[in-house]
Structures are given as C-alpha cells and as structure tokens.
Amino acid sequence: MKLNDGWLSIIKNDEKLYKKFSKITTYINSNKDIIYPSKENIFKAFNLTDFNNVKVVIIGQDPYHGEGEANGLAFSLNEEVNITPSLRNIFKELKDDLNIDRKSKDLSGWAKQGVLLINSILTVEKDKPMSHKNLGWQEITDYIIKYISDNKSNVVFILWGRESEEKKKFIDENKHYVIISSHPSPFSARKGFFGSKPFSKTNNYLQKNNQSAIDWSL
C-alpha cells in the first residue's frame, strides 16, 4: 500500500491533509475486514498515472465491492470476473462513439496513457457499498482534483453521474474541458450517457491543444 513519491509530495503540501491521509492508511493497514481493492492496488490509479502525465481525469464514486472485482482504477475490473453493467455500458458507448469493440475489462492501458481513473472514495468493505464514505478519502481526492485543475492546463475531466458532477466546483473550466453526463449505470445510462460521445470529444480536445489522443482500444 504505497503511493508514489510524486503524488505523496503533493499531499504533503497540506500538513492537515497529510495527517488525514496518514490516519486513513493506518486504519486500512490495521483493519481485519476484507477490503477492496487489495492493499497493493489501493493507489494503483496514481501509481500508473504520474501527475506530469495526466491528460484526462475520470471520476468514479467508490470501488466495486464484489469479490475480486476492483483493481484500483475507477470502473476497471480484474479480467477474471464478469463484466459489470456500468462497464458494459461504457464499452457500448465506446463502440457507438469510435467503433472500438473493446474486450479487456482492465483499463490499465488507459491509465498508462495519462487517464487518471480515480474513485472519490478509494476503498470499500466486501459486499458493503459506500462503507468507507466516512473515512475521509473524499478530502484527499477532492484536493487532488483541485490541485490538478490549479497546476495544469488543458486537462479533460469526465464526470459521470451526480456524485461526480459535484466535483465540478474544484475545476477551472477556463483552463480545462469538462464533460458531464449521466452515470453509465443501467439506471441512468439512457438519461444522457448513451450518445454523449465522451471518447471522441476527449481526443478532439487533446489534439486541438497539441496533445496526443488516447488510444481507447488499449
């Protein structure tokens, strides 16, 4: 359970926040409950996507709580489990948007290209959604979202669903591109997620601002 030095130094910029971070990680390390993702993958999103490489931020709510599903990246799954309805709908939109027929459920290939796939809450107890909502993870991830907004330019922020949309207040829309739609969950995908074309919009913006497009097939 180790956060890479670059992101850790950003958190250490705020002494009060770093104390909160240390308190949370101590709690997780000493907790005897089954917690997802596995301890070595809790900071996987940050460890795969350095601050300097961030081009896109996709914000989820909390990790999958089913056995073996969460792998530390928002919406991403370990390959050996069944696809979740939300990820199936993300892939459906990707197919409709860019004609990419994606099979791999692990989104590490996106992360390695600069797509920061973070959940607002980074851990969850097995079979207990939102069980860690009061640990204080949101303070950490909100700070990171604002830090990215304040210290980078021309980042694409993709906010799916009401919970993620609330993060808009941390983002300077004069410097960045914010894509908002309903959540890809079956309960809301037809209320604005399908047809929103987030993948092509992201690449068009990146290329317009002299950045390489994301290969969403990887």
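**View 1. The lining of the largest pocket divides into 17 nonpolar, 11 polar and 2 charged residues.** Here Ala, Val, Leu, Ile, Met, Phe, Trp, Tyr, Cys and Pro count as nonpolar, Asp, Glu, Lys and Arg as charged, and the others, Gly among them, as polar. The model is predicted: local features need pLDDT of at least 70 and side-chain atom pairs pLDDT 80 or more, while totals for chains, interfaces and linings use all residues. Residues are numbered from 1 along each chain as its sequence is written, and side-chain values use heavy atoms, without hydrogens or water. The pocket has a volume of about 450 Å³ (the space filled by probe spheres set on grid points, which are joined across faces, edges and corners). Of its 30 lining residues, D62, P63, Y64, S86 and H183 lie nearest the centre. A pocket is an open set of points on a 1 Å grid over the protein atoms alone, where a 1.4 Å probe fits, with protein on both sides within 12 Å along at least five of seven lines; lining residues have an atom within 4 Å of a point.

**View 2. Helices and a strand contribute to the lining of the largest pocket.** At least two lining residues come from each of α3 (44-48), α4 and β3 (115-119). Strand β3 gives the most, with 3 residues. Helices (H or I, at least four residues) and strands (E, at least two) are DSSP runs, numbered from the N terminus.

**View 3. I148 is a member of the largest nonpolar core.** This core has 67 residues, and W7, W137 and I148 touch the most other members. A nonpolar core is a set of buried Ala, Val, Leu, Ile, Met, Phe, Trp, Tyr and Cys residues joined through side-chain atoms within 4.5 Å. Leaving aside residues up to four places away in sequence, I148 touches W7, F51, V54, V57, L116, V155, F157 and H176 (contact means heavy atoms within 4.5 Å).

View 4. The structure holds 9 salt bridges (a side-chain nitrogen of Lys or Arg within 4 Å of a carboxyl oxygen of Asp or Glu). D96 is partly exposed at 46% relative accessibility, and K92 is partly exposed at 37%. Buried means under 20% relative accessible area, exposed over 50%, and partly exposed in between (1.4 Å probe, protein chains only).

**View 5. Two further salt bridges join K146 to D150 and E125 to K128.** The closest N and O atoms of K146 and D150 are 2.7 Å apart. About one helical turn separates this pair, because K146 and D150 are 4 residues apart in helix α6 (residues 137-151). K146 has a relative accessible area of 39% and D150 one of 43%, so each is partly exposed. For E125 and K128 the distance is 3.3 Å. E125 is buried at 14%, whereas K128 is partly exposed at 45%.

**View 6. Helix α8 (residues 198-208) packs through its buried residues.** These are P198, F199, S200, T202, N203, Y205 and L206. They pack against β2 (56-60), α4, α5 (108-111), β5 (156-160) and β6 (177-181). Just after α8, N210 takes a positive phi of about 60°. In the loop between β6 and α8 lies S188, which is buried at 16% relative accessibility. S188 touches S182 and H183, not counting residues up to four places away in sequence.
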